[in-house]
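Subject: Structure for your review

Dear colleague,

Please find the structure below, together with its sequence. I would be grateful if you would read the notes that follow with the model open beside them.

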Amino acid sequence: MLSKKTQYAFKALMYMAQVEKNGPILIAEIARKKKIPLKFLENILLELKNGGVLDSKKGKGGGYFFKEAPSEIHLAKVMRLLDGPIALLPCVSLNFYERCKNCDEKNCGLRDTLITVRDATLRILEKKTVADLV
């Protein structure tokens, strides 16, 4: 399940993609238009900036803007930045792999099934972009 943080991030990114041609966007505008708590949104956008999705400009005419085109920002990247692994078990994660305790990975039916789930999910999330949400 997507965290509230990631849900808010996608709402903010969708809004930004819709009004992108107008230049940098103030956090307060996004928070007001999408009904996201301002302090929470500040932290989310900072994480997205640190993750290379957004950039910011200070001063008059400042705000947040996309570092690359919304059509280049895959949903999987945003989810991983904010929530970590997409996989449902650590032993099936591609980027955050961790062996499960007391598990025989070679003979685990649950692991095999969740690898299939992970692969199907990633086929979608690594293909879809922020631009596709608008």
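In this predicted model, α1 packs against helix α2 (residues 27-34) at an angle of about 110°, and their axes are 10 Å apart. Here axes are lines fitted to C-alpha atoms, for helices over the stretch in contact, and angles run from 0 to 180 degrees between N-to-C directions. Helices (H or I, at least four residues) and strands (E, at least two) are DSSP runs, numbered from the N terminus. The angle makes α1 roughly perpendicular to α2; angles of 65 to 115 degrees count as roughly perpendicular, those under 35 as roughly parallel, those over 145 as roughly antiparallel and the rest as oblique. On the α1 side the residues that meet α2 are K11, A12, Y15 and M16, and their counterparts in α2 are E29, I30, K33 and K34. Contact means heavy atoms within 4.5 Å. By class, this contact of α1 with α2 comprises four nonpolar, no polar and four charged residues. Ala, Val, Leu, Ile, Met, Phe, Trp, Tyr, Cys and Pro count as nonpolar, Asp, Glu, Lys and Arg as charged, and the others, Gly among them, as polar.

Helix α1 (residues 4-19) also packs with helix α3 (residues 38-50), at an angle of about 80° and with the axes 10 Å apart. The two helices α1 and α3 are therefore roughly perpendicular to each other. K4, K5, Y8, A9, A12 and L13 of α1 make this contact with F40, L41, I44, L45, E47 and L48 of α3. The contact of α1 with α3 divides into nine nonpolar, no polar and three charged residues.

The conventions are as follows. Residues are numbered from 1 along each chain as its sequence is written, and side-chain values use heavy atoms, with hydrogens and water left out. Because the model is predicted, local features need pLDDT of at least 70 and side-chain atom pairs count only at pLDDT 80 or more, whereas totals for chains, interfaces and linings use all residues.

Turning to the chain as a whole, the protein chain has six helices and two strands. Read from the N terminus, their order is α-α-α-β-β-α-α-α. The C-alpha atoms fill a box of roughly 60 × 25 × 25 Å along the principal axes. Of the 134 residues, 37% count as buried; buried means under 20% relative accessible area, exposed over 50%, and partly exposed in between (1.4 Å probe, protein chains only). Among contacts between residues at least 6 apart in sequence, 59% join residues at least 24 apart. The mean pLDDT of the protein chain is 93, and 100% of the residues score at least 70; pLDDT is the predictor's confidence in each residue, from 0 to 100. Among the elements, α3 has the highest mean pLDDT (97) and α5 the lowest (94).

Several individual residues deserve a look. T6 lies in helix α1. Is T6 buried or exposed? At 0% relative accessibility, T6 counts as buried. Apart from neighbours within four places in sequence, T6 is in contact with M79, L82 and D83. Just after α4, G84 has a positive phi of about 85°.

The loop between α4 (75-83) and α5 (109-125) holds K101, and E105 is placed in the loop between α4 and α5 as well. K101 is exposed, with a relative accessible area of 79%, whereas E105, at 15% relative accessibility, counts as buried. Leaving aside neighbours within four places in sequence, E105 is in contact with C91, Y97, R99, C100 and R111. From C-alpha to C-alpha, K101 and A120 are 25 Å apart in space, and 19 residues separate them in sequence.

Finally, F65 lies in strand β2 (residues 63-66) and counts as partly exposed at 29% relative accessibility. Beyond its neighbours within four places in sequence, F65 is in contact with M16, P24, L54, D55, S56 and K57. The C-alpha atoms of F65 and L48 are separated by 11 Å, the two residues being 17 apart along the chain.

Yours sincerely
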